[in-house]
Amino acid sequence: MDQTIIINFPGGIISPGNLYNILVAASKAKIAFVRFGLRQQLLVDTVNYNLPDFTVELDKLGIAYEVDNNNSPNIISSYPSEEIFIRNSWLTGGIYKDILDDIDYKPKVKVNICDSNQSFTPMLTGNINWIASSQAEHYWHLIIRFPKTNVIYEWKQLCYTNHIAKLTKAIEKIITDYPSQFIDNETANGEALFAYLNQEDFVLKIAEKPVALSTFNLPYYEGLNRYNNKYWLGIYRRDELFSIAFLKRLCQLCLDTKLGQFCCTSWKTIMVKGIEEKDKKLWNDLLEEFELNMRHAANELNFQVEDNCLEGLELKNFLVKHLSINDTRTFGICFGIKIRKKSEIFSSILIRKRYVIHLWEIKLFPVYDILCAKDFNPNERTGEIFSRGNLRLILPEQIRRAVYKFYKQRQMALKSNQLSVNTKTEDLSSKDKIVLYQCSNCLTVYNEQLGELENNISLGTAFNNLPEDYCCSLCEADKGSFVRVEQSELMVL
């Protein structure tokens, strides 16, 4: 029988030295591979008779762990994407670390700490979800998702950064002290929860507006890529397995090149940030030594599968194969596969398994339901059931139709937005020359006055201030494909 050891890395931040020691301990227990989980933790599988060999070594190292349960879920954060996929934010790496250091206890509920200006890390898969405010620096929105329910409550107060740890502990205590009210109760009430809280103990301010959740746009997160004057490396494994031999070499290279940390993500991948130009060859040599493929298709990277779920992985590979055969575009979509009842999956389109006959231990005739998140934004809750009771054989076609619905809805939203743009243009004085930037491939227009809110680009963002990896929202052409034109000279189809 296999058993799984769970080791948390708060915020997804990994110390190469600590991980190296863990890997050495795993090697002594004859463990060859490890995995990373949806909540940015390390998962180590071993047969039960080798378990003591590993846990004794972990105890010697003072490493906290759990075996086959998750009573202390890992705190996840959007720190891995800081600087790389998130720009123009007051939330820095130092602030993440200060908050994580302040949480000097093991939460019994799920805690998420995220920048609002990103969609790479799930914002609402926790029970206590902190989202950095775009209204006030060093203040945070708080959204509660009551444990074992889909009940969401957004608090009307913002909390100061230095009080997040203290408030998280207070809220958790209320939830666990009154389990019948707030756990596995679909009538759980946010006002009732905060009635128990003494707000005078915290630095708070009223939120002027509700939190604005980013439109989902999953960046390509694999390979060796340039940012600022450095490089970051993203590594994905199709089977989710990372060899201990490879990770030990990676840890050694981090230490040799003075990188004191790297990250694991909610996509079960690892990311190394801060690679210097002079060290780029060393990292390429490491990838070549272990023959790691760095060119997986984007429609494979945008799947979320439950931890410890071989059946979900196999279904993912089946669907990816058909998406590739049919050359189906999936940009802007995240797929989730849910085999178990109570698991939490981040997805725009969710494939959920169930049985037509399920009596006690008898399970017969498996079928799959396809559910779509509200506005296909995986940070929202599930909006509707697209298709029920699908046999596995017809799943690829039904998925293709769900994707078609997504793009149809997106086109309607773009047309509606364009109508709004045209209305605003008519109101402008004819003497004002409006400068636009147009994609030379598909003629899509970038307007500095309007930005691209669906891609987290705020109003008034100058074209020259767009990130170097900015691409056309329609055809994905790079920034260099745009030309500067006056509105009177605009080319249209």
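How are α1 and α7 oriented to each other: roughly parallel or roughly antiparallel? Let's take a look at this predicted model, one close-up at a time.

**Figure 1. Helix α1 crosses helix α7.** Helix α1 spans residues 16–28 and helix α7 spans residues 244–256; their axes come within 9 Å and cross at roughly 155°. Angles over 145 degrees count as roughly antiparallel, and α1 and α7 are therefore roughly antiparallel to each other. The crossing in which α1 passes α7 is left-handed.

**Figure 2. The residues that join α1 to α7.** On the α1 side you will find Pro-16, Gly-17, Leu-19, Tyr-20, Leu-23, Val-24, Ala-26 and Ser-27. Facing them from α7 are Ile-244, Leu-247, Lys-248, Cys-251, Gln-252, Cys-254 and Leu-255. Sorted by class, this contact of α1 with α7 holds eleven nonpolar, three polar and one charged residues.

**Figure 3. Helix α7 also packs against helix α8.** Here α8 covers residues 280–289, and the axes of α7 and α8 lie 11 Å apart at an angle of about 170°. These two helices, α7 and α8, are therefore roughly antiparallel to each other as well. From α7, the contact draws on Phe-246, Arg-249, Leu-250, Leu-253 and Cys-254. From α8 come Leu-282, Trp-283, Leu-286 and Glu-289. The class count for α7 with α8 is seven nonpolar, no polar and two charged residues.

**Figure 4. The largest nonpolar core.** This core has 41 residues, and those touching the most other members are Phe-54, Ile-235, Leu-250, Ile-270 and Trp-283. Helix α7 gives the most to this core, with seven residues.

**Figure 5. A close look around Phe-54.** Which residues does Phe-54 touch, not counting residues up to four places away in sequence? They are Ile-5, Ile-22, Ala-25, Ala-26, Ala-29, Ile-31 and Val-44. One of these, Ala-26, also belongs to the contact of α1 with α7.

**Figure 6. Glu-57 in helix α2.** Is Glu-57 buried or exposed? With a relative accessible area of 17%, Glu-57 is buried, since buried means under 20%. Leaving aside residues up to four places away in sequence, Glu-57 touches Ala-25 and Lys-28. Ala-25 is also among the residues touched by Phe-54.

Key:
Residues numbered from 1 in each chain as written. Predicted model: local features only at pLDDT ≥ 70, side-chain atom pairs only at ≥ 80, totals over all residues. Heavy atoms only, no water. Axes fitted to C-alpha atoms, helices over the stretch in contact; angles between N-to-C directions. Helix = DSSP H or I, 4+ residues; strand = E, 2+ residues; numbered from the N terminus. Parallel < 35°, antiparallel > 145°, perpendicular 65-115°, else oblique. Left-handed = near helix turned anticlockwise from the far one by under 90°. Contact = heavy atoms within 4.5 Å. Nonpolar A, V, L, I, M, F, W, Y, C, P; charged D, E, K, R; others polar. Core = buried A, V, L, I, M, F, W, Y, C linked by side-chain atoms within 4.5 Å. Buried < 20%, exposed > 50% of the residue type's maximum accessible area, 1.4 Å probe, protein only.
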